[in-house]
Amino acid sequence: MKNMINLSIIAAATFISAHAFAASFNDFDTDSDGYISQKEAKASNTLTQLFDRLDADGDGKISLKEFKALDSEK
Ligand SMILES: [Ca+2]
């Protein structure tokens, strides 16, 4: 079961990287403060699932740098 969960996270990350990624940070950052909050992340089920993983420093929001980390996880 744990492997299934890991696979779905990888699939979700790949999906973001391949499709929604390039222009999407600004789309998610609806108040343009430079971070994606948990509230803003709710616009995407995938991003909601990945939120805790992307929030590397645990400050409860995703910076552009943390968002871009998706790209290096391939
Ligand atoms: Ca924001």
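Reply: What follows starts with the model as a whole and then turns to helix α4.

This is a predicted model, in which local features need pLDDT of at least 70 and side-chain atom pairs count only at pLDDT 80 or more, while totals for chains, interfaces and linings use all residues. Residues are numbered from 1 along each chain as its sequence is written. The pLDDT, which is the predictor's confidence in each residue on a scale from 0 to 100, has a mean of 80 over the chain, and 69% of the residues reach 70 or more. Confidence is lowest in helix α1 (residues 2-20), with a mean of 64, and highest in strand β1 (residues 35-37), at 96. Where pLDDT is low, the predicted coordinates should not be read in detail.

The chain holds 5 helices and 2 strands, in the order α-α-β-α-α-β-α from the N terminus; helices (H or I, at least four residues) and strands (E, at least two) are DSSP runs, numbered from the N terminus. Of the 74 residues in the chain, 12% are buried, a term that requires 20 or more other C-beta atoms within 10 Å of the residue's own, whereas exposed means 12 or fewer and partly exposed lies in between, with C-beta atoms placed from the backbone. Two residues are in contact if their C-beta atoms, placed from the backbone, lie within 7 Å, and among the contacts with a separation of 6 or more, 49% join residues 24 or more positions apart.

Helix α4 spans residues 45-54, and its buried residues are Leu 47, Phe 51 and Leu 54. Because these three cover an arc of only 90° around the axis, they lie on the same side of α4, the arc being that of the directions from the helix axis to the C-beta atoms. An α-helix has 3.6 residues a turn, so residues three or four places apart point the same way. The other side of α4 carries Asn 45 and Asp 52, which are exposed. Asp 52 counts as exposed because it has 11 C-beta neighbours inside 10 Å, and its C-alpha atom is separated by 9.3 Å from that of Gln 38, 14 residues apart along the chain.

What do the buried residues of α4 pack against? Their partners are α2 (24-28), α3 (38-41), β2 (61-63) and α5 (64-68). Phe 51, for its part, touches Gln 38, Ala 41 and Ile 62, when residues up to four places away in sequence are not counted.

Lys 42 sits in the loop between α3 and α4 and counts as exposed because it has 12 C-beta neighbours inside 10 Å; its C-alpha atom is separated by 9.0 Å from that of Phe 28.
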